[in-house]
Amino acid sequence: MKPHLAPVEVPDLAALGHVQQLCDLAEPYAHGRAADELFAAAMAETNAWHAGRSSFFAALLDDPAETAAPTVGDEVRTPLVPAAFFKRHEVLSVPREDVFLHLTSSGTTGQKSQMFFDEWTIRSAQRMVARIFDHYGWITPDQPVNYLLYSYEPAPALKLGTSFTDNYLCDFAPARHTTHALRHTGTGHEFDVNGCIAALHRYAEDDVPVRILGFPAFLYFTLERMRAMGLPPLRLPEGSLVVLGGGWKGHADRQIAKDAFYAEVSERLGVPGDRIRDTFGSVEHCVPYVECAEHRLHVPVWSRAAVRDTGTLRPLPYGERGFLHLVSPYITSVPAHSVVMGDLASLHPGEECPCPSSTDWFTVHGRAGVSRNRSCAVAAAELMKGMA
């Protein structure tokens, strides 16, 4: 068995047996009545788990207004918690001594979501990522690669979820060489665009694939600089892969359409479109959402998604835009198993995507409104100011 897919056990099998069964499902995009029933049973167990360990969540669960209507599907009734709640409150459902990992969502200033993970929760989320990468054939223990990471170079006391995730993704193929775009300076991080360009040229001459991971805005800015410098297009080795995440927050004025961006990556780096994938995730909800070859963010079997009206929080039908609502029973450390994100999205039925996955998929249309909250992507984007 590949080490990233090794079994992980819930904190209390008697209390969370259905959670264990759900998270043990190996096919990321399995669907059907049996999967829905198992999901509902697992959510009921997670509700009881958090209610017995968090007075905050117990009060929500006891409020009929919070659980009168189904949350997702017909059988799951779970209170909604805004992701922004975790920027101001620390709410644990495990003893503090059981906290295995502490991650934050923002940069060096601004409000941060403080998320705490017991070992089961973070290992379970990592196994989900591994199963999706395995599903697409991206776990290659015998094939070394060169990495260009558009994320923060590790530094003492750095707890950013994006840095943790991108470095974990490097475990799926052995590294011949690694370049970080956001270099640690001793007092912070700065974007090394020239270092990225130099790395791409070196990697294009090497005989192993390249994996580019991280914030899409930084990759686009690199390609833009290469074009401005009159540098010819490169052709990265066959098997190269681009997996992006974090969005364009903070530089929406420079964002281009996804199709145009992917075409630019293909033209400048020689990576085919089906090897360029975006992702969605957050420190408040670590379930991975990875684009299929048709570039749709399908909902994996371990979670469910809904879209809610920005004024009333009522669920919206397929195709309409509202707050993205993500639900999964995997998390036992914090009552963040039913989180309303600050992102605007639309939900679509699986049959509207021609790929083999039949689960629902969603499109993210950007952040809702204007807020003082700064995500790690916003903080990172600020490093780009003055670079154009």
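Phe133 is about as tucked away as a side chain gets to be called here: at 3% relative accessibility it counts as buried, a label for anything under 20% relative accessible area, with exposed meaning over 50% and partly exposed the range in between (1.4 Å probe, protein chains only). The model is a predicted one, with local features needing pLDDT of at least 70 and side-chain atom pairs counting only at pLDDT 80 or more, while totals for chains, interfaces and linings use all residues. Residues are numbered from 1 along each chain as its sequence is written, and side-chain values use heavy atoms, leaving out hydrogens and water.The structure holds 14 aromatic pairs. Rings of Phe, Tyr and Trp (its six-membered ring) pair if their centres lie within 6.5 Å; planes under 30 degrees apart count as stacked, over 60 as edge-to-face and the rest as tilted. Phe133 and Trp138 make one of these pairs, edge-to-face, with 5.1 Å centre to centre and 80° between the planes. Another edge-to-face pair joins Phe191 and Phe218, at 4.6 Å centre to centre and 70° between the planes. Phe191 sits in strand E6 (residues 189-191) and Phe218 in helix H8 (residues 216-228), so this pair ties together parts that are 27 residues apart in sequence. Helices (H or I, at least four residues) and strands (E, at least two) are DSSP runs, numbered from the N terminus. Phe191 is buried, with a relative accessible area of 6%, and Phe218 counts as buried at 1% relative accessibility.

Ring pairs also build a cluster out of Phe133, Tyr136, Trp138, Tyr168 and Phe172. Two arginines lie over ring faces: Arg53 over Trp49, at 3.5 Å from the ring centre, and Arg96 over Phe116, at 5.4 Å from the ring centre. For a charge to sit over a ring, NZ of Lys or CZ of Arg has to be within 6 Å of the ring centre and within 35 degrees of the ring normal.

Leaving aside residues up to four places away in sequence, Val129 touches Tyr168, Leu169, Phe172 and Pro288, where contact means heavy atoms within 4.5 Å. Tyr168 and Phe172 both belong to the ring cluster. Val129 and Tyr289 are 160 residues apart along the chain, yet their C-alpha atoms are separated by 8.7 Å.

Across the protein, residues 24 or more positions apart account for 71% of the contacts with a separation of 6 or more. The secondary structure comes to ten helices and 15 strands. Of the 388 residues, 54% count as buried. The accessible surface is about 16400 Å², and 52% of that belongs to carbon and sulfur atoms; such areas come from the Shrake-Rupley method with a 1.4 Å probe, and for residues only the protein chains shown count as cover.

The axes of H2 (residues 33-51) and H3 (residues 55-62) come within 7 Å and cross at roughly 125°. Axes here are lines fitted to C-alpha atoms, for helices over the stretch in contact, and angles run from 0 to 180 degrees between N-to-C directions. H2 and H3 are therefore oblique to each other, given that angles under 35 degrees count as roughly parallel, over 145 as roughly antiparallel, 65 to 115 as roughly perpendicular and the rest as oblique. On the H2 side, Asn47, His50 and Ala51 meet Phe57, Ala58 and Leu61 of H3.

Helix H7 (residues 193-205) and H8 have axes that come within 10 Å and cross at roughly 80°, so H7 and H8 are roughly perpendicular to each other. Val193, Asn194, Cys196, Ile197, Leu200 and His201 of H7 make the contact with Phe221, Thr222, Arg225 and Met226 of H8.

Two loop residues round out the picture. Thr71 is found between helix H4 (64-67) and strand E1 (81-82), and is buried with a relative accessible area of 5%. Beyond residues up to four places away in sequence, Thr71 touches Val76, Arg77, Thr78, Leu80, Ala306, Arg308, His325, Val327 and Ser338. Phe100, in the loop between E1 and strand E2 (101-104), counts as partly exposed at 40% relative accessibility. Phe100 and Phe117 are 17 residues apart in sequence and 5.7 Å apart in space, C-alpha to C-alpha. With residues up to four places away in sequence again left out, Phe100 touches Phe117, Asp118, Glu119, Ile122 and Arg123.
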